[in-house]
Structure formats: structure tokens, C-alpha cells
Amino acid sequence: MNPTKYWMWYPGDFSIHQGMRQNFTREERGMGWPAYWYIDDCNRNVKFTRTYQLDQPTMFTVYAHGTGYVEINEVKHRLGETLHGDVGENVITIFVGNPQGLPCVFVDGETIKSNDGWQASNFVSSLPAGFDPLFIDKNQNPNVIEFQKKPIKPKKIIEIQDGVLFDFGRAVNGRLKLNLLHKQIVTICYGESQTEALDVQMCYYKQEAVDEKTPIRKRAFRYIFIPDAKQTDVDVIAIHEYIPKKNCSLFRSDQQLINRIWDVSTETLNLCSDVFFIDGIKRDRWIWAGDAYQANFINQYSFFNEDIDKRTLLALRGQNDIKQHINTIVDYSMLWVIGVLNHYEMTGDIGFLKIIYPKMKSMVDYFMRQTNDKGFIYGRPNEWIFVDWSEMDKQGTVAAEQALLIQVYKTMITCGSVLRLPVDGYQDLHDQLLNHFIEYFWNDSKGAFIDSYESGKNHVTRHANIFAILFDLVDDDKKELILKNVLLNDNITQITTPYFKFFEQDALCKLGLQDNVYQVILDYWGGMLDKGAVTFWEEYDPTKSGKDMYEMYGDPYGKSLCHAWGASPIYLLGRYFLGLYPTRPGYREFNVEPRLERFETVHAVLPIKDGEVTVDKDGGKLSVTATKAGGTLIIDGNKYSLAAGRKLSVRLDRTHVQ
């Protein structure tokens, strides 16, 4: 539900402006590192309009961040003054410009106020004014993000290596408060791991010559090491900064390791999703479209925060004009388009779809300008065909990219149809590309999709084959071949990033191999816990140990140990083990199709749009309760309707339902 009053701006501008600022927050070894791609900013001048038909006089005040004025029936008035609306028609126009930040307004009155009904124009197009539930008070400034602060004391303090090590027991994203007792200045060494913090020469963040008045910037860490000091010399408190989010989700079972994995996954996503879905809190802090694509799926089964997802989609895309691919990565631009469809299926938010669809269309037009006569998309100079951190044959056009483009066209068909727009052209492109994808990239002798047909190497990796399963691009016979020859074939290079583990385990679950996925969750994510993880990592190789575990990008501590894409067990458990998924946008209808054979007892709560679903298992009895109508429980193909607020219990031998 929208708040009664809120700050308004041109739709998308808040996210674009704050996204720009977010992408300038990276720090690497004492140096600022702004994102290396083109970054848009907000419109600098905006016009807001609305017409009121008044039965009685009323008063209101317009506040703004920027310079401007208010017109009432074409008569100009100053900002910040008490204004009068007279009986009859009142055409109100507010002009505001801000060369330094986001131009925005707050209209404070009983009748005339900033809520639904205002139009915002950048003098090129006019759309319903944008707003955000973070900014609903006239004393706020949407140019400044307001974080809550929580003091955190160390869980453990030890003297080691002629210094003092502070262990806060959790990942902290914030600042330090120092109390120097017997020293004038100190050196601060930060670490996500103890190994990193104790490495005075190579720790990623180090600040020297620090006294009690030295500004200390916001950083992410679990450990702090103060070299050349004793415990009696210094006290350290961490000030964790965060934006509160509601989380109704819960997973408790007789499998304690799975419970821990759920909780650590939740903590990981929570830390990586304050205003936007960012990749990690220590190193990049950037908004990446691939990371965000997965974060929304995970968010759907935990925080169900629609606003973070909308902000992220808007920030990634920027203004309508396109100068390069999102994050310079071709596949990330395509995942951005597909991510809009997931947001719509999750929320049913047609209003947001109307605003963002033109930007989807212009992005797809951009794709089409870099396709060849077969409809295949290719990489241009200074563009990155990423897919994953894995050895892949990327000569010529790449299979994984074509699979994504097929899904892009399918997304445009679905979203365009919702908005009653013509989609025949996208259907033709989809059909042509799907046929050519199978004709050129499917290799009968391999029984799988190859990376590239142009190189002649016939090299097979998991990635295109996984996408073919996820996006339903092949028939059942080819699915079986992919399962046998790729997904269950240890000779095909294994995936080591949680990023593509997400897609791989999603595909295996879709093929009904929940038992395999369950074991992977225990081994892969449980393996990180065995290594002392309190949040899940950017990459995990179980063959590495010691200092080698933390190396990435040629940096001994370059790996992020709190990375959003590491939280995917939440999605896997929620979607495929608890079996909850929408069958109509916004969960107007939804299914609960549990696969809980691995558990003796389960108590789980999952969010849905405007409600939640509770699943309980106790031995041979399963109970499901949904707070809204439209749900269907499916057990072994048998379907049972879920009435709002009423518990439905089923014996798993199906001899009794109540």
C-alpha cells in the first residue's frame, strides 16, 4: 500500500541517481575505484502536474530539493510557502531543477498532497511520478540514504603476532569507533577472514596513522587487527549500518546443517541488499545485473522486498538512451530483460511494467543491431561475453548467449501481451533463433550443446546446456541426453562459482533430481561453513585450503566472502523442496508442491504477494496454511485447494485429508 504522502521525482530517477553513487563506493587497497562502465544520472529538471477539483478551499506547501516554483492556474508562487487552492478547478504545476542532485518535491496538505495522481515530465515524456517508501517525511532528503546504526562489540579479543585481534563474530558493514588508551596512533588491518586481518602487508583494507579523530570510512569486515599493540592499549567497537527489512521467512527442520545454511544464506542476502542488490559488501559494492538477477529469485523466498528489486532494475538500466551493455557484459543486459519478467511474475505489478517496458524494448532493439543473418548475437569490441568464470570456447557466436536471447524474446512476448502491445515480431525472432540454435549448436555425437560451432572444437561446457533446460528450449529426449552427457558427467568441467551453481542446481531440480541437489547443498555450502564462513562466498573450491581459499583475480584476498549469489539455497529450498511457486502473476494463484523426503520434521514459512505460506511436516503428516486464497497443494499429482487461513493436512500415504 502506498504511503499517504511521499517525496516525488521523475520515475526511475531516484534509483538511477543513487545507483550512480553506489557504483562509486568501491575502494581497493586505499584507492577509490569508480565502476568502469558508462553510468547515467538523473534528469536535472522536472515538471510535476496535477489537476484538483475542489469543493472547498484548502492549503498546502510545496517543499523541494533544488530550485523552482509552483504554478496554480498559471500564477507563480514560491516554494516553501503556504499556498491556497480555491473552490473549483486548480491546475497545479511544480517546476524544480537540481544541478547537483536529484530534483524532487514533497507536497504537504490535507487534500493537495504528493501521492498517487501526479504526473512527472522531463520535458520529453510524461509518466506517473516516482516515489519510494524510504522517503515519506517532508524533513527527509532523498539525496541522502538514511542508514540505521547498531553498535557491535567484539565477540573475542586475543593478543597475537605482537598485536590485538578483534573478532566480531559476524560480517559487519560499517565504521569503527576507536578508544585509544595507551597509544597515540595505531594501524588498522581489516579482514573478512582472520588470515587476511593478520596479514599486515597484504590485507585488502589497511589504514595507518589513525588516532581517535581520524575519519574512518565505511568498510566490510569480521576481524580487526591492531599491530604493535596490547589489549590494554585500545578498545574497538564496530558501528554496523543497515536499512531494516521485513523478513517473515523461516526454515527449521531436523537437519541442522540445512537450517544453518538457510540462516547464513539469509544473512548473506540481507547484507548485500540495503538500497540495491549489490554483489558483495567488501570489494566491489557495485550493482551487477547477473548478481541482481539471482538475488531477486532468492529475495522472493525470503524478504520479498519488491522495492529493492525495482530500484535495482531501474538503476541498472539507467536512462532510455543506450551507449553500451549493462556492466559492459552482453549476457548481463539479457539477464536484465529476463529479470523484469521474474519481477512481474512475482509481484503482478503492471504499473511498474508499463514504466519499464519501453526501456526493455529499446534494449532489445540494441541486441537486434548486433545479430547476424542467423539471428545469433555476437560480442562487439569492448564488450564482454562473460557467462561464468570458466574455460569456454568463445570463438564466434557463443551458445549460452543465444539461449539467453531466446528467453529475452519470450520475455518480450509475455510482457508485451500483458500490456496489449503487438508481439508478432518478437515471436518470429524467437522461432527463427530457436531453430538455428538447435541446428548449429546441438551436436549429436556429443549429445549436448557445444560452446561454438565456428571454432570446430566441439567443446562442451555446462552453461548453454543448463540454460536450455531452464528455459525449456529442448524436448524431453534432449533433456535426458543433457542430463546424462553433461549435468551428471564428471568429465565435463565442474562449476566452482555459486553464481552458476545457482543455475545448475535449478536445472537439476527442474529435471526432478532434488536428491542430487540436496547433497550439493550439504557439500558445497556446508563446505564453506566447515571453513568458518559466517556468510557465503563469491567462489568456493573445496580443494583449496589456508590462505589459498581467499585468492581471486590475482589478489591474495580478492575473493568476496559475503556475496549475494552465494545465498541461492534459499531459492532452491523454497522453490523445489517446499515447492512454492506462482502460477499467475502476483501469486493470484500459486502451487505448493513439496519434496520433503529428506526431512522427518519441517516448519517453514515463506512469503507470497500480500501473504505467506506455512508448511509443516511431522513424520507422515504434512500441513499447509496460506493466508490468502488461490493456492493449490500438489502431492504426487493429487491436487487439493487451499482456503485462506485454513490449515490443510494430508497424510503422505494419501489415505486421509483434513
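So, is F599 buried or exposed? Buried, with a relative accessible area of 1%. By that I mean under 20% relative accessible area, where exposed is over 50% and partly exposed is in between, using a 1.4 Å probe and protein chains only.

Quick housekeeping before I go on. This is a predicted model, so to speak of local features we need pLDDT of at least 70, and side-chain atom pairs count only at pLDDT 80 or more, while totals for chains, interfaces and linings use all residues. Residues are numbered from 1 along each chain as its sequence is written, and side-chain values use heavy atoms, with hydrogens and water left out.

Okay, aromatics. Searching the whole structure turns up 58 aromatic pairs. The rule is that rings of Phe, Tyr and Trp (its six-membered ring) pair if their centres lie within 6.5 Å; planes under 30 degrees apart count as stacked, over 60 as edge-to-face, and the rest as tilted.

One of those pairs is F251 with F599, which is edge-to-face at 5.7 Å centre to centre and 70 degrees between the planes. F251 sits in strand 19 (residues 250-253), and F599 is in the loop between strand 23 (589-592) and strand 24 (601-608), so this pair ties together parts that are 348 residues apart in sequence. Helices (H or I, at least four residues) and strands (E, at least two) are DSSP runs, by the way, numbered from the N terminus. And F251? At 0% relative accessibility, F251 is buried too.

Next, F386 and Y499: the ring centres are 6.1 Å apart and the planes are at 25 degrees, so we call that pair stacked. F386 is in the loop between helix 7 (350-368) and helix 8 (399-418), whereas Y499 belongs to helix 12 (residues 498-510), so here the pair ties together parts 113 residues apart in sequence. Both F386 and Y499 are buried.

Now charges over rings, which here means NZ of Lys or CZ of Arg within 6 Å of the ring centre and within 35 degrees of the ring normal. The charged end of R26 sits over the ring of W33, 3.6 Å from its centre. R317 has its charged end over the ring of W336, with 5.9 Å to the centre.

On to the sheets. Two strands pair if DSSP finds at least two bridges between them. There's an open sheet of 6 strands, in the order 6-5-8-3-10-11, with antiparallel pairing. Strand 6 (75-78) and strand 11 (126-128) are at the edges with a single partner strand each, so one side of each has no neighbour in the sheet. Inside that sheet, strand 3 (residues 45-54) and strand 8 (residues 88-97) pair antiparallel over 10 bridges.

Strand 4 (residues 58-65) is joined to strand 9 by 6 bridges, running antiparallel, and V62 has V107 in strand 9 as its bridge partner.

How many disulfides does the structure hold? It holds 0, counting a disulfide as a pair of cysteine sulfur atoms within 2.5 Å. For C189, the nearest cysteine sulfur is that of C203, 4.1 Å away. C189 is buried at a relative accessible area of 0%, while C248 is partly exposed at 23%.
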